[in-house]
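Subject: Handover of a structure

Dear colleague,

I am passing on the structure below, together with some notes on what was found in it. Please read the notes beside the coordinates and check them as you go.

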2 protein chains.
Amino acid sequence: MREHDGGATMAPGRVGDVRRRNLALVLGSIGPESLATRADIAASTGLTKASVSSLVSELLETGLVAEVGLTRAGERGRPGVGLALDAQRGALGAEVNVDYLAVGVVDLHGALRFHEVAEAVNRGREPEAVVAELSRLVGRCVSAAADAGVTLLGGGLAVPGLVDPSRGVVLSAPNLGWRDADLSAALAELVPEAPFGVVLSNEADSAALAELWYGHGAALGSYLYVSGEVGVGGGLVMGSELFAGPGGHAGEVGHVVVEPTGSQCSCGGRGCLETVAGQEAILAAAGITNGGSTTAARMAALQAALEAGDAQAISAVERAGHYLGIAVVSAARLIDLSAVVLGGHFAALATWIRPALLASLRSFAPGAVASDAVAFSELGTTAALRGAAGAAVRRALAAPYALLG
Amino acid sequence: MREHDGGATMAPGRVGDVRRRNLALVLGSIGPESLATRADIAASTGLTKASVSSLVSELLETGLVAEVGLTRAGERGRPGVGLALDAQRGALGAEVNVDYLAVGVVDLHGALRFHEVAEAVNRGREPEAVVAELSRLVGRCVSAAADAGVTLLGGGLAVPGLVDPSRGVVLSAPNLGWRDADLSAALAELVPEAPFGVVLSNEADSAALAELWYGHGAALGSYLYVSGEVGVGGGLVMGSELFAGPGGHAGEVGHVVVEPTGSQCSCGGRGCLETVAGQEAILAAAGITNGGSTTAARMAALQAALEAGDAQAISAVERAGHYLGIAVVSAARLIDLSAVVLGGHFAALATWIRPALLASLRSFAPGAVASDAVAFSELGTTAALRGAAGAAVRRALAAPYALLG
């Protein structure tokens with residue numbers, strides 16, 4: 001999913017182009033906890049010490065950077081003052097999914113500072129009602145951040161569907177029943193004082209990026225992320241960047257056809273991975289019927305049945321793993337990816353999914369995806385909100401000049 | 001498939017970096033038959049007329065460009081001398097496939113000047129024997145080019161398998177039975193006097209590029225090319241460039257799993273598109289058994305049976321179209337491509353494949369791939385050789401300085 005730069009980054013300011021570049025350059029050489037000195041920065045950027053000193057002054061003014069004490073006092077020469085990204089700056093991440101809402105704050109060091117996940121029944125609900133409930137959760141999170149002295153720079157909202165981030169519109173989210181839902185006004189009001197605004201994203205794309213920044217992804221570099229929720233989504237990361245494809249919506253692994261004689265899918269097609277490996281599909285195969293309870297409650301019942309060794313439950317999950325393997329193989333062949341990260345219920349059910357998935361990969365494409373290139377997310381229901389917040393953090397770090405007068 | 005620049009482009013010469021760039025810039029503004037004047041080139045490149053004049057002199061010296069007479073005599077001012085790419089320069093293209101060898105010469109105007117396609121039975125044959133036979137065909141083609149005064153700048157050899165072009169090695173070509181076949185020495189001897197050498201490529205990637213340069217591809221911009229031969233290959237073109245993927249071998253649509261209960265594939269997996277839509281699979285389903293004749297002869301028998309309305313033959317081809325649709329849908333979902341170009345036997349059998357393919361696309365992903373975004377190649381068995389030659393032409397046009405003393 002493409003994300004635009006956020007309106008604020010385009011604002012004219014007192015800073016010229018070269019200085020803008022140099023501000024971002026210097027900021028980029030200051031890690032979360034690197035405690036770089038001005039001298040270190042001059043050496044790593046090739047800028048003069050005088051320039052670095054002046055640029056650092058401006059970065060201190062933006063609040064993105066803080067002086068954090070002396071460093072390497074044991075070395076020769078005068079110890080410098082250490083600089084690091086300020087952990088009291090952060091961004092809001094939020095997710096609307098079919099059966100839950102999630103919000104949280106990620107700081108510039110990558111830590112999840114506050115978060116809240118609330119069960120919800122959002123299928124078929126009007127976007128306005130869902131956003132109103134989300135706003136209450138966001139309000140609590142923003143208050144908690146303010147109480148702790150954390151300033152929010154911007155935010156991101158992830159939804160399980162195709163989005164146009166530049167317009168703030170959900171083009172299509174079949175599992176919510178949304179089509180052309182314009183959230184632009186709601187996004188503007190979510191964190192009104194945040195200079196970098198709130199940007200819409202696809203849930204699986206955001207979760208894929210969360211893996212890259214805060215999970216298994218950095219070690220893999222290029223991988224397919226598969227998001228297991230009521231729907232099955234996906235995101236492609238190649239060379240440590242999200243791959244959007246020519247139309248901007250690549251990675252829809254949930255709608256790869258894995259069972260040509262399969263059943264109708266929410267997308268209008270049939271035999272898609274989602275129809276055999278989405279939460280409702282697994283619950284149905286496991287014989288865990290609705291009975292008025294939420295999907296989350298039934299997923300907990302599934303987990304209990306699995307732990308009790310229930311044959312039907314185990315067979316349902318193994319079947320999902322089998323078909324998941326087919327979709328991963330097809331992605332590996334088409335895109336030449338050799339690693340996969342599994343999130344959502346695929347991660348929660350890893351104990352039972354993993355053997356069936358590995359057997360499927362061996363059977364359908366021996367050697368294409370090695371067993372040690374199959375990773376399970378540890379981010380749980382916070383994956384998408386972390387990715388959405390992380391993208392907002394990156395927008396801010398790429399445009400520090402937007403925070404100057 | 002990545003292609004290296006060809007050793008010759010790296011050679012030190014008398015030309016500095018800026019001049020190298022400007023030579024390529026000026027050359028790029030001279031189309032195949034544009035009859036650009038030096039004044040046109042100065043206007044379009046922003047270089048001074050004196051610079052253009054000097055650069056054009058050097059380009060004339062390379063032989064890539066020729067003066068082709070006066071242009072636009074009716075306009076105001078002194079008519080300029082027209083410049084165009086010299087159609088007497090070209091590159092060799094060659095293809096080794098399972099049941100044929102093909103060679104040809106493509107000139108700088110994109111015309112296929114000479115070509116020869118010879119039936120062969122290459123499955124399980126040693127690379128040395130195949131290359132020896134190919135060399136005889138190439139020899140005839142090179143002689144024909146020399147007789148016609150066409151100078152060859154370089155060449156390309158396409159094979160149905162995964163290749164490492166930088167080393168000239170076929171990593172794996174299951175339908176030929178080749179593994180780690182080092183063709184570097186053979187490539188060097190194929191057109192020994194060609195300054196840009198001969199580069200190895202994947203057959204489907206080359207055919208995909210041939211569509212871009214000489215077929216339907218330019219109008220589509222981004223598309224999946226599917227190559228129907230004994231094996232089924234594929235190439236991905238995005239934004240008018242070949243997409244190689246993180247590992248360099250993207251586009252293997254022949255090994256997308258379309259039938260989870262399907263049979264063993266040459267790749268070691270099972271249920272791959274190739275097992276239901278490759279030539280041997282269609283012939284078997286149509287009941288056209290070997291009987292000692294070549295695949296090409298049996299494909300001709302299939303064509304005759306289809307034209308006679310043979311129900312088993314029609315059903316076999318429709319089945320292939322059905323599964324082809326499934327693989328195209330999976331590619332469209334994963335990569336967000338909305339167009340496809342079909343080559344090889346898929347093009348030859350278009351009359352019968354097309355309705356089944358369109359029905360499959362409608363059924364498995366309504367709206368994802370429109371019927372007018374399904375194109376059938378018109379390049380036949382010359383597609384891959386044209387692409388391989390075209391890539392060599394582009395290597396030469398990108399590095400004209402390599403032709404200067």
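What share of the contacts in chain A with a separation of 6 or more comes from residues 24 or more positions apart? Such residues account for 65% of them, where contact means heavy atoms within 4.5 Å.

Before the details, some conventions. This is a predicted model, in which local features need pLDDT of at least 70 and side-chain atom pairs count only at pLDDT 80 or more, while totals for chains, interfaces and linings use all residues. Residues are numbered from 1 along each chain as its sequence is written, chains are lettered from A and ligands numbered from 1 in the order in which they are written, and side-chain values use heavy atoms, with hydrogens and water left out.

The overall form

Chain A has 14 helices and 15 strands, which are DSSP runs numbered from the N terminus (helices H or I, at least four residues; strands E, at least two). Its radius of gyration is 23 Å, which agrees with the value near 22 Å that a compact globule of 405 residues would have; the radius is taken over C-alpha atoms, and the globule rule is 2.2 Å times the number of residues to the power 0.38. Along the principal axes, the C-alpha atoms of chain A fill a box of roughly 70 × 45 × 40 Å. Chain A exposes about 15,100 Å², of which carbon and sulfur atoms supply 52%, the areas coming from the Shrake-Rupley method with a 1.4 Å probe and, for residues, with only the protein chains shown counting as cover. Of the 405 residues in chain A, 57% are buried, where buried means under 20% relative accessible area, exposed over 50%, and partly exposed in between (1.4 Å probe, protein chains only).

The two copies

A rotation of 180 degrees, with 0.0 Å of shift along its axis, superposes chain B on chain A with an RMSD of 0.1 Å. That is the relation of a two-fold axis. The same surface serves both copies, in that 100% of the contact residues of chain B recur in chain A. The superposition is by least squares on the C-alpha atoms of residues with pLDDT of at least 70 in both copies.

The annotated domain

An unreviewed UniProt entry places the feature "domain: HTH iclR-type" at residues 37-67 of chain A; UniProt positions are given in the numbering used here, feature names are shortened, and annotations may be inferred rather than shown by experiment. Over residues 37-67 the chain is 71% helix and 10% strand, with the end C-alpha atoms 9 Å apart. A:Asp86, in the loop between β2 (81-85) and β3 (89-96) of chain A, touches A:Gly63, A:Leu64, A:Val65, A:Ala66, A:Leu108 and A:His109, not counting residues up to four places away in sequence. A:Asp86 counts as buried, at 17% relative accessibility.

The nonpolar cores

A nonpolar core is a set of buried Ala, Val, Leu, Ile, Met, Phe, Trp, Tyr and Cys residues joined through side-chain atoms within 4.5 Å. The largest has 106 residues, and those that touch the most other members are A:Leu273, A:Leu302, A:Ile335, B:Leu273, B:Leu302 and B:Ile335. Leaving aside its neighbours within four places in sequence, A:Leu273 is in contact with residues including A:Val232, A:Val253, A:Tyr323 and A:Leu324. A second, separate core of 36 residues includes B:Val103, B:Ala118, B:Leu137 and B:Val138.

B:Leu134 is placed in helix α4 (residues 127-147) of chain B and counts as buried at 0% relative accessibility. Residues up to four places away in sequence aside, B:Leu134 touches, among others, B:Val96, B:Val103, B:Leu157 and B:Leu190. In helix α6 (residues 203-214) of chain B lies B:Ala207, buried at 1% relative accessibility.

Loop residues worth a look

A:Asp336 is found in the loop between α11 (311-335) and β14 (340-344) of chain A, and its phi is near 60 degrees, a positive value in a residue other than glycine. A:Asp336 is buried, with a relative accessible area of 19%. For B:Asp336, phi is likewise near 60 degrees. By contrast, A:Gly367, in the loop between α13 (350-364) and β15 (374-376) of chain A, counts as exposed at 74% relative accessibility.

With best regards
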